Amino acid sequence: FLVTRAEKTALRVLVVAVERCEASAVVSAMLEALKPSPTKKLPRGILMKRSTACLAALKHLISLFGPKRVAPKLLTKPVGELLKETDKGVKEAAYGVFLELHAWYGVVESLAEGVPEKQLAELKRRCEQAGTPEEPRVATHFYRSEKPEEVKAAAATPLEQDAEEILRK
């Protein structure tokens, strides 16, 4: 889903931000970006592109950090509301977030509170199509405070160093 170098860098900065801070702070800020600004009127196309990018980034964060760190309780209501959206990109990205949760939990119906019946039926159909995961998913990224000392002492890649520089500014 990422095309430009700037989008890839932005995602890396988000990953470093989640590693350094709690994921709930980063996710809350991203969920605020999903809401239209009451003071600024942006064209609908820009809002939809921004929503699609935020949802894709949330899905990526869940796949890296897992639902233990990226709490699904924060996500389910706002993402569930976006399933009603008429824009196909936003709707597909919202289904993608729920399918990523399905890959971790095996079931998302209990998380999909407040999702209308039509969208819930479509979500169940997509989950059945994806199937249940054969082996449990494991997080590949952790908070800095959770990492073993050996991993903390290892040198960061140049991209992580660039992302950390951006965060310090």
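Predicted model: local features only at pLDDT ≥ 70, side-chain atom pairs only at ≥ 80, totals over all residues.
Residues are numbered from 1 along each chain as its sequence is written, and side-chain values use heavy atoms, with hydrogens and water left out.

The secondary structure of the protein chain consists of eight helices and zero strands, where helices (H or I, at least four residues) and strands (E, at least two) are DSSP runs numbered from the N terminus. The pattern along the sequence is accordingly written α-α-α-α-α-α-α-α. The chain has 169 residues, of which 38% count as buried; buried denotes under 20% relative accessible area, exposed over 50%, and partly exposed the range in between (1.4 Å probe, protein chains only). Among contacts in the protein chain with a separation of 6 or more, 72% join residues 24 or more positions apart, a contact being heavy atoms within 4.5 Å.

Two packed helices are described by the angle between their axes and the distance between the axes. For helix α1 (residues 5–20) and α2, the axes come within 7 Å and cross at roughly 140°. Axes are lines fitted to C-alpha atoms, for helices over the stretch in contact, and angles run from 0 to 180 degrees between N-to-C directions. The two helices α1 and α2 are therefore oblique to each other; angles under 35 degrees count as roughly parallel, over 145 as roughly antiparallel, 65 to 115 as roughly perpendicular, and the rest as oblique. On the α1 side, Leu14, Ala17 and Val18 meet Ala23, Val26 and Met30 of α2. The loop between α1 and α2 contains Glu22, which is partly exposed at a relative accessible area of 46%. The C-alpha atoms of Glu22 and Tyr143 are 7.4 Å apart in space, although the two residues are 121 residues apart in sequence.

Helix α4 has the buried residues Pro72, Leu75, Thr76, Val79, Gly80 and Leu82. Viewed down the axis of α4, these buried residues fall within an arc of 140°, so they line one face of the helix. The arc is that of the directions from the helix axis to the C-beta atoms. Packing of the buried residues of α4 is against α2 (23–34), α3 and α5 (88–105). The exposed residues Lys73 and Lys77 are carried on the face of α4 turned away from its buried side.

Arg69 is located in the loop between α3 (44–65) and α4 (72–82). With 12% relative accessibility, Arg69 counts as buried. Its side chain forms a polar contact of 2.7 Å with the side chain of Glu146 and reaches the backbone oxygen of Phe65 at 3.1 Å. A polar contact is a pair of N or O atoms within 3.5 Å; within protein, one must be able to donate a hydrogen and the other to accept it, and residues adjacent in sequence count only if both atoms are side-chain atoms. Not counting residues up to four places away in sequence, Arg69 touches Ala23, Ala139, His141, Phe142, Tyr143 and Glu146.

In helix α5, His102 is buried, with a relative accessible area of 4%. Apart from neighbours within four places in sequence, the contacts of His102 are Val107, Val108, Cys127, Ala130, Gly131, Thr132 and Pro133. Val107 belongs to the loop between α5 and α6 (117–130) and is partly exposed at 42% relative accessible area. Between Val107 and Gly131, the C-alpha to C-alpha distance is 10.0 Å and the sequence separation is 24 residues. Lys91 is also found in helix α5 and is partly exposed, its relative accessible area being 25%. With neighbours within four places in sequence left aside, Lys91 is in contact with Leu82, Leu83 and Glu85. Lys91 and Leu55 lie 36 residues apart in sequence and 9.6 Å apart, C-alpha to C-alpha.
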